[in-house]
Amino acid sequence: MDPREITGLAGLGVLLLLILLRIPVVVAMIAVGLGGSYALSVVAPFLRFEPYLRQFKSMLWESMASYDLTIIPLFVLMGYVAGFSGLSRDLFDGIQAMIGRMRGGLAISAIVACAGFGAVCGSSAATASAMGRIALPELKKGGYAPGFSAGVLAAGGTLGILIPPSVALVIYGVIVEASILDLFRAAILPGLIAVVFFVAVIALYTRLRPEAAPVIPPMPGPERLRALLRFLPVAGIFGALIFGLAFGIFTPTPAAAIGALAVILYGAARRLITGDGLTWNGLREAVLSTAVTSGMIYAILFGAAVLTSFFTRSGLPMGLADWAATARIDPYLMLVICLGCLIIMGCFLESLSMILVIVPFLWPVMLAVNGGEYVSADQAAFGLGPDELKIWFGILMLIVIELGLITPPVGMNVFIIGAITPSTPMGSIFAGASMFFAAEVVRVGLLILFPAILFVLI
Amino acid sequence: MTALVNFWAMIGGLCLALIIALTAVNVGALAADMALRGWDIRVPGIYGYEDVVKLLASVAALAFFPLCQWRGGHVAVGLLIDPAPRWVGRANRVIAYALTTGIALFLAWWMAIGALEVRRDGLTTGILEWPQWPFYWPGVVSMLLWALVAAVMTLNALKGEEAAHGPA
C-alpha cells in the first residue's frame with residue numbers, strides 16, 4: 001500500500017468512527033472528504049489542495065440541478081400525501097375485504113398492503129410506519145399474536161426499499177451510473193417474489209401455530225363493498241405506476257410527478273366525497289415532511305460526492321479492485337463475502353448512508369472480479385456484462401441491506417413498529433421478523449443462481 | 001426560527017408544485033401528440049422542459065436543508081452515544097452542530113464565488129439558454145440559513161435545550 005492508499009484507508013476509518021459517534025452522516029462525509037484531501041496534498045504534493053477546493057464553486061449546485069434526481073422529492077411527496085390522504089387505510093381495507101377471512105389473512109393483507117404502499121412511497125421506514133399504524137390495531141383486534149403481528153409489519157416494511165419506485169435504487173443508479181428505468185424494471189419481479197415468499201412464510205407459520213392467527217369472521221356485505229370500492233382508485237394508481245414503468249410507457253421522472261399529482265387528487269376527492277381525505281394542513285405537513293426527508297437524501301448525496309472525490313484521489317477503490325482482480329478468489333465466494341459484509345454493516349448503519357459509503361468501494365471490486373469494464377457476458381465470471389452486473393449486484397445489495405432493517409441491534413423497522421406497539425417486547429418483534437429473514441436468504445440464493453429473473457422485464 | 005425555515009421549505013415545495021404542473025402539461029402534450037398523430041395533428045411538448053425542471057430542482061433541493069436541520073432530519077447513528085451519560089450526548093450535539101455550521105458557511109462562501117464566476121463566464125442552460133447564475137443565489141441563501149439554524153442549535157445545545165424541533 002502506498003501513502004495515498006493508507007490515507008484513504010485512514011479516512012474510511014475516521015468516517016466510520018465519526019458516524020458511530022453520532023456526527024450527522026453528511027457532516028462526517030464532507031469533513032472527511034475535505035480533511036482527507038488536505039492530508040493527501042501533504043503525503044502526495046502533486047495532489048494539490050487548491051484545485052480540489054475550487055470545485056466547490058459549482059459542485060453543490062450541479063449536484064442538485066439534476067433532472068434524474070427530481071424523482072426523489074416527487075416520490076417522497078407522493079408517499080407522504082398517500083399517508084395523509086388515507087390511501088394506506090383504503091389499501092389495507094380493500095385487500096382485507098378480499099382475503100382477510102382466510103387463516104393468516106389479516107397478516108397476508110398487511111404484507112400485500114406493505115408491498116403496495118412501498119410501491120407508492122419508496123421508503124421502508126415510511127411503509128413500516130404507515131402500515132404499522134393501520135394494520136397493527138386490526139391484527140390485535142383479530143387476536144393475532146403480538147410478536148408475530150409486529151414481526152410481519154417490520155418485515156413487510158422492508159418491501160418498500162426494492163419495489164419500484166424505490167429511492168434507494170435511484171441513489172444506487174446515480175452512484176454506478178446505471179439506467180434508473182432498467183433498475184426499476186429489474187426490481188419488479190424480485191419484489192413480487194418477496195411478497196410470495198412472505199405470504200408462504202405466513203401460511204406455513206399459521207398452519208403450524210394456528211393459535212397465533214385465528215380465523216376472523218368475514219366482513220359484513222356493505223362494509224366489504226365500500227372497502228372494495230375505495231380500493232379501486234388506489235389499485236388504479238399502483239397499477240398505472242408499476243405497469244407504466246415496467247412496459248416503458250413513461251420514464252421515472254414523469255411517473256413520479258404524475259403519481260404525486262394522482263395521489264394529491266385522490267386525497268382531495270376523498271376529502272370532498274367522504275370528508276376524511278387530504279386537508280390543507282395535511283398537504284402542508286406532507287410538503288414539510290417531504291422537505292425534511294428529501295433534504296436529508298440530497299445532502300447525503302452531495303456528501304457522498306465530496307467523499308468519493310477524496311477516495312478516488314487516494315486510489316483506494318482502484319487498489320482494492322486491482323487486488324480483487326489478482327487475488328484468485330472464486331468470484332461467487334467474493335460476492336458472498338461482500339453481501340455478508342453488507343448484512344453485518346446493515347446491523348449498525350443506516351441503509352442510505354451505507355449504500356453511499358460502501359458502493360464506491362464494492363462496485364469496482366465486483367467489476368474487477370467479473371472481468372473488468374469491457375468484458376463480454378460470455379467471458380465474464382458471472383456471465384453478465386458490466387451493465388447487467390450493475391443491475392444484478394444492485395438488487396442483491398439492496399435485498400441484503402433490507403435485512404439490516406429487521407436485524408438486531410439497530411433494526412430500524414423493528415424500532416418503528418416497537419414505537420407503535422410499546423407493549424410488545426423488542427425481542428419478540430425481532431423473533432417474529434426472523435422467519436422472514438430466512439425467506440430473504442432463500443430469495444438472495446435464488447437471484448444469485450438465476451440472475452435471468454431480473455432481466456425478464458428489461 | 002420555525003416559521004422562517006418552514007417558509008423557506010415551502011418555497012422549495014412551490015418549486016416542486018411547478019415541476020409537477022409542468023410535467024403534467026408535458027405528459028399531456030406527449031399523450032395528445034401520440035393520440036392525434038393518426039390525423040396528422042402534432043402537439044409539441046414544452047420546449048426546454050428538462051432545463052426548467054433542473055433549475056427548479058436546484059432551488060427546491062437546497063431550500064430543504066435548513067428545515068431538515070431544524071427538525072433533526074439529517075441521518076445520524078447513535079449507537080455509541082445514546083447509551084452514554086447525558087453530558088456526553090450534550091457535548092456531542094454541540095460538536096456536531098458547530099461542525100455543521102462551519103460546513104454550511106464553507107459551502108455558502110464557495111457557492112457565492114461560484115455564482116459570481118458563472119455570471120462572469122455567461123454560463124447558460126443547454127436548451128433554453130437561460131443564465132444559470134440567478135439560480136445559484138437561492139442556494140447561497142439556503143446555505144446561510146442552514147448555517148444560522150445549526151448555529152442556533154449549537155447555542156441551544158450549549159444551554160442544554162431540546163436537540164431537534166418536530167412538526168409545528
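Is Cys114(A) buried or exposed, and at what relative accessibility? Cys114(A) counts as buried because its relative accessibility is 0%, where buried means under 20% relative accessible area, exposed means over 50%, and partly exposed lies in between (1.4 Å probe, protein chains only).

This is a predicted model, in which local features need pLDDT of at least 70 and side-chain atom pairs count only at pLDDT 80 or more, while totals for chains, interfaces and linings use all residues. Residues are numbered from 1 along each chain as its sequence is written, chains are lettered from A and ligands numbered from 1 in the order in which they are written, and side-chain values use heavy atoms, with hydrogens and water left out.

## Cysteines

With a disulfide taken as a pair of cysteine sulfur atoms within 2.5 Å, the count over all chains comes to zero. Cys15(B), for instance, is in no disulfide, since the nearest cysteine sulfur, which belongs to Cys68(B), is 17 Å away. Cys15(B) is itself buried, with a relative accessible area of 8%.

## Where the two chains meet

The size of an interface is often given as the accessible area lost when the parts come together. Here chain B and chain A bury about 4,800 Å² between them, and 79% of that area is on carbon and sulfur atoms; buried area is the accessible area (1.4 Å probe) that two parts lose on being put together, summed over both. Chain B gives 54 residues to the contact and chain A gives 53 residues, contact meaning heavy atoms within 4.5 Å.

Across this interface there are two salt bridges, a salt bridge being a side-chain nitrogen of Lys or Arg within 4 Å of a carboxyl oxygen of Asp or Glu. One of them pairs Glu117(B) with Lys57(A), whose closest N and O atoms are 2.7 Å apart. Five residue pairs, both residues at pLDDT 80 or more, are in polar contact across the interface of chain B and chain A. A polar contact is a pair of N or O atoms within 3.5 Å; within protein, one must be able to donate a hydrogen and the other to accept it, and residues adjacent in sequence count only if both atoms are side-chain atoms.

On the side of chain B that touches chain A, the elements giving two or more residues are helix 1 (2-36), helix 2 (49-63), helix 3 (65-70) and helix 4 (86-121) of chain B. Helices (H or I, at least four residues) and strands (E, at least two) are DSSP runs, numbered from the N terminus. Helix 4 of chain B supplies the largest share of that side, 15 residues. By class, the side of chain B that touches chain A has 36 nonpolar, 12 polar and six charged residues; Ala, Val, Leu, Ile, Met, Phe, Trp, Tyr, Cys and Pro count as nonpolar, Asp, Glu, Lys and Arg as charged, and the others, Gly among them, as polar.

## Two residues in chain B helices

Thr101(B) lies in helix 4 of chain B and is buried, with a relative accessible area of 14%. A polar atom of the Thr101(B) side chain lies 2.8 Å from the backbone oxygen of Tyr97(B). Not counting residues up to four places away in sequence, Thr101(B) touches Ala147(B), Ala150(B), Ala151(B) and Thr154(B).

Leu22(B), placed in helix 1 of chain B, is partly exposed at a relative accessible area of 21%. With residues up to four places away in sequence again left out, Leu22(B) touches Ile46(B), Tyr49(B), Val52(B) and Leu56(B).

## Salt bridges within chains

Over all chains, a search of the whole structure finds 17 salt bridges, and the table gives some that lie within a chain.

| Pair | Closest N to O distance |
|---|---|
| Asp93(A) and Arg89(A) | 3.2 Å |
| Arg37(B) and Asp33(B) | 2.9 Å |

Asp93(A) and Arg89(A) are separated by about one helical turn because they are four residues apart in helix 6 (residues 87-99) of chain A. Arg89(A) is partly exposed, with a relative accessible area of 27%. Glu138(A), at 16% relative accessibility, counts as buried.

In chain B, Arg37(B) is partly exposed at 44% relative accessibility, whereas Asp33(B) is buried at 7%. In chain A, salt bridges that share partners join Arg89(A), Asp93(A), Glu138(A) and Lys141(A) into one network.
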